[in-house]
Amino acid sequence: MISGNLFIITAASGAGKTSLVKALLALDAHVKLSISHTTRKPRPGETDGVDYHFVDEAHFLSMLDASAFLESAHVHHARYGTSEKAVNEALSAGHDVILEIDWQGAEQVRKLFPQAISIFILPPSLETLAERLKGRAQDSDDVIEKRLAVAREEMRHLVEFDYVTINDKFDDALHDLIAIIQTQRLKTNTQLKRHSALIQTLV
């Protein structure tokens, strides 16, 4: 029986999603991050099996043909996908699972897993978003401009999400994520699953 919660966390590139999720994982041992498969090349400092499962195009397409993904997307000339088996195993073990995916992936997951809780992270301004992208020193000015245009389109989908937080001050945004997760854990349906033995002795 699935007793964990599935959280979808989405943001435009540069909004600070990855940093917030890493901080959340460091604070809460009961939250697990789903490691996506991708065909893009590792960035400096990234590790296979930790940041992503880096695979070639043929491997990814074989998994896609086998319906192995809970969701998949083609973004910035690369493919991304979430293993349905890995997610279900973690949820069944009682872990809360985070999917760090884009709005397209979120839409796919909600169709298959309507009880998933979705969170959209916004930057405080487009200027701040541009500064963060430039601060990475990984992309040219042309690529950054394209990313900003894509970001504006992505942010139009925030109304489809259950929660929205603004990453202006990092600690405040992190506190928002913690509060959302704790709220979901205390819902009656979740408590009935996680503490069924105790509740049966009480009522």
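1. Strand E8 (residues 117-122) and E9 pair in the parallel sense over four bridges, where two strands are said to pair if DSSP finds at least two bridges between them. Within this pairing, Ile121 stands opposite Thr165 in E9. Strands here (E, at least two residues) and helices (H or I, at least four) are DSSP runs, numbered from the N terminus. The model is a predicted one, in which local features need pLDDT of at least 70 and side-chain atom pairs count only at pLDDT 80 or more, while totals for chains, interfaces and linings use all residues. Residues are numbered from 1 along each chain as its sequence is written, and side-chain values use heavy atoms, with hydrogens and water left out.

2. The open sheet has five strands in the order E2-E7-E1-E8-E9, with parallel pairing. Its edge strands are strand E2 (31-33) and strand E9 (163-166), each of which pairs on one side only. On average, neighbouring strands of this sheet are turned by 25° against each other, direction ignored.

3. Helix H3 (residues 84-92) lies across strand E1 (6-11) and strand E7 (96-100), and runs at about 150° to E7. Such angles run from 0 to 180 degrees between N-to-C directions, and the axes are lines fitted to C-alpha atoms, for helices over the stretch in contact.

4. For helix H5 (residues 126-135) and helix H6 (residues 141-155), the axes come within 10 Å and cross at roughly 135°. H5 is therefore oblique to H6, since angles under 35 degrees count as roughly parallel, over 145 as roughly antiparallel, 65 to 115 as roughly perpendicular and the rest as oblique. Residues of H5 that meet H6 include Leu126, Leu129 and Leu133, and among their counterparts in H6 are Ile144, Leu148 and Met155; contact means heavy atoms within 4.5 Å.

5. Arg40 is found in the loop between strand E3 (37-38) and strand E4 (53-54). Is this arginine, Arg40, buried or exposed? Arg40 counts as buried because its relative accessibility is 12%, buried meaning under 20% relative accessible area, exposed over 50% and partly exposed in between (1.4 Å probe, protein chains only). Leaving aside neighbours within four places in sequence, Arg40 is in contact with Glu46, Tyr52, Phe54, Ala78 and Tyr80.

6. Leu61 has its place in helix H2 (residues 57-65) and is partly exposed, with a relative accessible area of 30%. The C-alpha atoms of Leu61 and Arg194 are separated by 37 Å, the two residues being 133 residues apart along the chain.
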